[in-house]
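Thanks, everyone. Please have a look at the model first.

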Amino acid sequence: LSMSIFAALSCAGCGNTSQSDASQKEPPKAPQYAEKQFKISGFWSPYEVTEEAFELYKNAGFNVFLMGNHSVKNWTTDTLTYLGSNRTEKSLELCKKVGLNASLCYGEWYYERCEGKNMPETPFSSLDLYGDYADIIDSVHIADEPSKSQMKKYGDDNLTADYKSVYGNKPYIVNLYPDYAPVSQIGATNYSDYLNAYGEEILADFDGSALVSVDYYPFRSEGFQTGWLGCYEKVAKTAKKYNAEKRFYIQSAVKNEFADSLSEDDLRLQVYVALCFGASRLSYYCYAMPGYPDDCMYEKCMLGQDNNPTEIYDYVKNVNAEIQSFSSAFFAFEWIKTVGITKDGTDGNPAILKLKEEVDFSDRKYLTDVKSSGDAIIGCFENGDGEAYMAVNYGQPSKTNDNVVEMNFKNVDYVAVYGGKSRSVDIVKLNGRKFSITLKSGEGKFIVPLK
């Protein structure tokens, strides 16, 4: 990390003793935090099970290999990743060789089709084949977008107990529908009902090790989605209720049901919004091209229709490096809530107005008020010793200007500012308890008050 010190000019004739005393103090140093990184993956996984393909995946800034790619003509033990498949074993060998953690694929359907028999009643203990790779197995992907009725199946107490007998507290991942999925798909009266079933049937079985995952793609063919923040808020509050980690999917594909193009700022915005709601994990959709080579689903993903990296690969690589530059600081705090700040003098951004959390900082030790020249979201975090805040310039980047966010503080004289395109940590002296920062389109900053 590069570091710089900024001293803001004191207001003329202020005469405030505490401010005068503060001006004589030696500026504080950036706090030291236990080292920890965001866990980042990409889906679809590479087509080739080769060292070269796995190194390319890793070099995008991924540290978890998310197994799963069924865009192959012949479904066999050598072409699909599921518990017990040859491809899973080979993939684990390569993960260990190149230095990746691995998220296994349960793959019940794949197992039954390729093996020609039902999945064992105790699948995890019956297929406990990966003890040699226990140190790199991060999690197991169990199911994608189940309906409410299917929550009982994946939350069955015997199934989850069998899982824990092998994988302990490693995340048991059931990825949710987003809230724009129709009720006919989710099989619930509304999204809250769907989340309640998810919590009661699945998350409750994993006290202290639960993980919530959802894929919401905001850049769609019909336009920039206004329900994005509201969905993340519902999911994040469900996660908080069950003390669960959060994983959000990041859109990295264009055309078909998605927008015609994505810029680096579009990727950056998605990532900072996820962090603003306390995400500890990210997964990009898509890494490899679904349907390659004969029936490509999209025009571009991180890999293109020729199975080579596109400019989206480079965008993702840049943004991943950016957020890992302050990951240790981020993980020192726990997400509490996220509020929306609308541009002064306007009725408000429809997306921000969908947030239910009131704009109220009376429960914060140091932050008293936030104003913004444009639309912004503010994530509030805390730990036993202090607080932190994530400020994000919110809006479709191609239509969003730089945004000046002004934060008013009490009881502190400096803040540490992390992240953004500069990847720096800056120690900033407050000007009369005020801190102003200019956020570029799609940009976010992580801000920690320093006593």
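The sulfur of Cys95 is 13 Å from the closest cysteine sulfur, in Cys105, which is too far for a bond; a disulfide here is a pair of cysteine sulfur atoms within 2.5 Å. Before I go on: this is a predicted model, where local features need pLDDT of at least 70, side-chain atom pairs count only at pLDDT 80 or more, and totals for chains, interfaces and linings use all residues. Residues are numbered from 1 along each chain as its sequence is written, and side-chain values use heavy atoms, with hydrogens and water left out.

Cys95 is also buried, at a relative accessible area of 0%; buried means under 20%, exposed over 50%, partly exposed in between, with a 1.4 Å probe and protein chains only. What about Cys276? Its sulfur lies 8.3 Å from the closest cysteine sulfur, in Cys380, again too far for a bond. Cys276 is buried too, with a relative accessible area of 0%. By this rule the disulfide count is zero.

Next, a sheet. Three strands form an open sheet in the order 13-16-19, with antiparallel pairing. Strands are DSSP runs of E, at least two residues, numbered from the N terminus, and two of them pair if DSSP finds at least two bridges between them. Strand 13 (367-372) and strand 19 (434-439) are the edges, each pairing on one side only. Strand 16, residues 403-409, is joined to strand 19 by six bridges. In that pairing, Asn408 stands opposite Lys434 of strand 19.

Technical notes. Helix = DSSP H or I, 4+ residues; strand = E, 2+ residues; numbered from the N terminus.
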